[in-house]
Amino acid sequence: MDPTTDNAGPTGDPDTARASLEALRAEIAKAVVGQDPAVTGLVVALLCRGHVLLEGVPGVAKTLLVRALASALELDTKRVQFTPDLMPSDVTGSLVYDTRSAEFSFQPGPVFTNLLLADEINRTPPKTQSSLLEAMEERQVTVDGTPRLLPDPFLVAATQNPVEYEGTYPLPEAQLDRFLLKLTIPLPSRQDEIDVLTRHAEGFNPRDLRAAGVRPVAGPADLEAARAAVAKTTISPEITAYVVDICRATRESPSLTLGVSPRGATALLATSRAWAWLTGRDYVIPDDVKALALPTLRHRVQLRPEAEMEGVTADSVINAILAHVPVPR
């Protein structure tokens, strides 16, 4: 599909849906330079109905990336700046007294959207962080005992700064485990940074994506067709065992105090399946598992303090495990 053409609308055709989602990269590249892996990760999360934790230093276009994705997918998006004084009701919504009807009515919070950008989620206290848990897991919000369903698709893209810890509240392991993927947003290469500055010198305004030429190339109908196709992607018993062996190896690693849970193994199977379909196959191979192992597992393990002091990282431990676990033929 040509990314410059308008979205053809609901077709239900998996091949059309795949072409539309592939066109996202070219469309988002009009606003964001050199972040293809992050774009792919966000698409995988949407296909798996999961959520994403974006980690990177300030100024690497995390917020712009999410806004560009929402524009290219024609999804509703809202942004919440998490601060120490943010209350749970500021996220989920609350009951408001209507003087005209003399009754309480529910005022939806920003969580009632397709793509919620939770900016600097580790700057708000645990009580407010936990207000997202029900929304992320159950896709609903309960206020005054009444559950209210969230729209579909629904994705939380939360950002956090990896280098500034003063005044922050690190996410507990139970909450980290609710994120399907943890994507690291690196600093751009020299050429990419030159391209960014050149665009700004030519008048690019990151707050006006329409002027940058970002247009919808896919929509909810494409996502629904894609999800149905992903669900039909074949997973052999050997691949299932391979995923289990990788996750069990993390629980036995001497560098880790916490390994990957069965939920993490399920997540790796789901993301591998989505990646296989995106690359044009209707079956999963070991390379799909390897490709998604880092973003799916890196936030589900916990390093021993002594290993961390020696410079060991979660990524290096997972890479070592991938190198040693036998690959099915």
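This is a predicted model: local features need pLDDT of at least 70, side-chain atom pairs count only at pLDDT 80 or more; totals for chains, interfaces and linings use all residues.
Reader: How much space lies in the second largest pocket?
Author: Rolling a probe the size of a water molecule over the atoms shows where empty space is left. Here a pocket is an open set of points on a 1 Å grid over the protein atoms alone, where a 1.4 Å probe fits, with protein on both sides within 12 Å along at least five of seven lines. Points are joined across faces, edges and corners, and the volume is the space filled by probe spheres set on them. For the second largest pocket that comes to about 680 Å³.

Reader: Which element gives the largest share of the lining of the second largest pocket?
Author: Lining residues have an atom within 4 Å of a point, and there are 30 of them, with Gly59, Val60, Ala61, Lys62 and Leu64 nearest the centre. Elements giving two or more residues are α3 (62-73), β8 (155-160) and α7 (190-201); helices (H or I, at least four residues) and strands (E, at least two) are DSSP runs numbered from the N terminus. The largest share, 5 residues, comes from α7.

Reader: In β7, which residue is the bridge partner of Gln140?
Author: Strands pair if DSSP finds at least two bridges between them. Strand β6 (residues 140-143) and strand β7 (residues 146-149) pair in the antiparallel sense over 4 bridges. They make a hairpin with 2 residues between them, and Asp144 in the turn has a positive phi of about 55°. The partner of Gln140 in β7 is Leu149.

Reader: What is the angle between the planes of Phe106 and Phe112?
Author: Rings of Phe, Tyr and Trp (its six-membered ring) pair if their centres lie within 6.5 Å, and planes under 30 degrees apart are stacked, over 60 edge-to-face, the rest tilted. Phe106 is buried at 18% relative accessibility and Phe112 is buried at 17%, where buried means under 20% relative accessible area, exposed over 50% and partly exposed in between (1.4 Å probe, protein chains only). The count is 2 aromatic pairs. The Phe106 and Phe112 pair is edge-to-face, 5.7 Å centre to centre, with an angle of 70°.

Reader: Over which ring does the charged end of Arg18 sit?
Author: A charge sits over a ring if NZ of Lys or CZ of Arg is within 6 Å of the ring centre and within 35 degrees of the ring normal. Arg281 does this with Tyr283, 5.7 Å from the ring centre. For Arg18, at 4.5 Å from the centre, the ring is that of Trp277.

Key: Residues are numbered from 1 along each chain as its sequence is written. Side-chain values use heavy atoms; hydrogens and water are left out.
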